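Let's take a walk through this one together. Have a look at the model first, and then we'll go from a surface feature out to the overall shape.

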Amino acid sequence: MGSILFFYDSLKNIGIWLFILGSVQLLIRPTIKLVHDFHLRKYLKEGYRNK
């Protein structure tokens, strides 16, 4: 939606904010997955040490 609003000068600021918001939302899921994988790897290493 933000990319379409770039075509209209009067709506360019709204388009910029929508584009930024969409980009942040697209980054949230991979970030959560990386954090999850990091903690899972740490948990698995601790589990192998305790055996």
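**Starting at the nonpolar patch**

Helix α2 gives the nonpolar patch its largest share, three residues. Keep in mind as you look around that this is a predicted model. The patch covers about 860 Å² of surface, and its members are M1, I4, F7, Y8, L11, I14, L18 and L21. One of them, M1, sits in the segment before α1. Is M1 buried or exposed? It counts as exposed, because its relative accessibility is 70% and the cut-off for exposed is over 50%.

Now for the aromatics. How many aromatic pairs does the structure hold? There is one. It's made by F6 and F19: their ring centres are 6.0 Å apart and their planes meet at 55°, so the pair is tilted. The cut-off explains that label, because planes have to be over 60 degrees apart to count as edge-to-face. As for where the partners sit, F6 is in the loop between α1 (2-5) and α2, while F19 belongs to helix α2, so the pair ties together parts that are 13 residues apart in sequence.

Next, follow helix α2, which spans residues 12-50, until you get to R29. R29 has a relative accessibility of 70%, so it counts as exposed. I4 is one of the residues in the nonpolar patch we started with.

Time to zoom out. What does the secondary structure of the protein come to? Two helices and zero strands. Taken along the principal axes, the C-alpha atoms fill a box of roughly 65 × 10 × 5 Å. The radius of gyration is 20 Å, whereas a compact globule of 51 residues would come in near 10 Å.

Finally, think about burial and surface. Of the 51 residues, 6% count as buried. The protein exposes about 5,100 Å² in total, and 68% of that is supplied by carbon and sulfur atoms.

How values were computed
Residues are numbered from 1 along each chain as its sequence is written. This is a predicted model: local features need pLDDT of at least 70, side-chain atom pairs count only at pLDDT 80 or more; totals for chains, interfaces and linings use all residues. Side-chain values use heavy atoms; hydrogens and water are left out. Helices (H or I, at least four residues) and strands (E, at least two) are DSSP runs, numbered from the N terminus. Buried means under 20% relative accessible area, exposed over 50%, partly exposed in between (1.4 Å probe, protein chains only). Rings of Phe, Tyr and Trp (its six-membered ring) pair if their centres lie within 6.5 Å; planes under 30 degrees apart count as stacked, over 60 as edge-to-face and the rest as tilted. Patches are made of residues with over 30% relative accessible area and no salt bridge: like charges are joined within 9 Å, nonpolar side chains (Val, Leu, Ile, Met, Phe, Trp, Tyr) within 5 Å. Accessible areas come from the Shrake-Rupley method with a 1.4 Å probe; for residues, only the protein chains shown count as cover. A salt bridge is a side-chain nitrogen of Lys or Arg within 4 Å of a carboxyl oxygen of Asp or Glu. The radius of gyration is taken over C-alpha atoms; the globule rule is 2.2 Å times the number of residues to the power 0.38.
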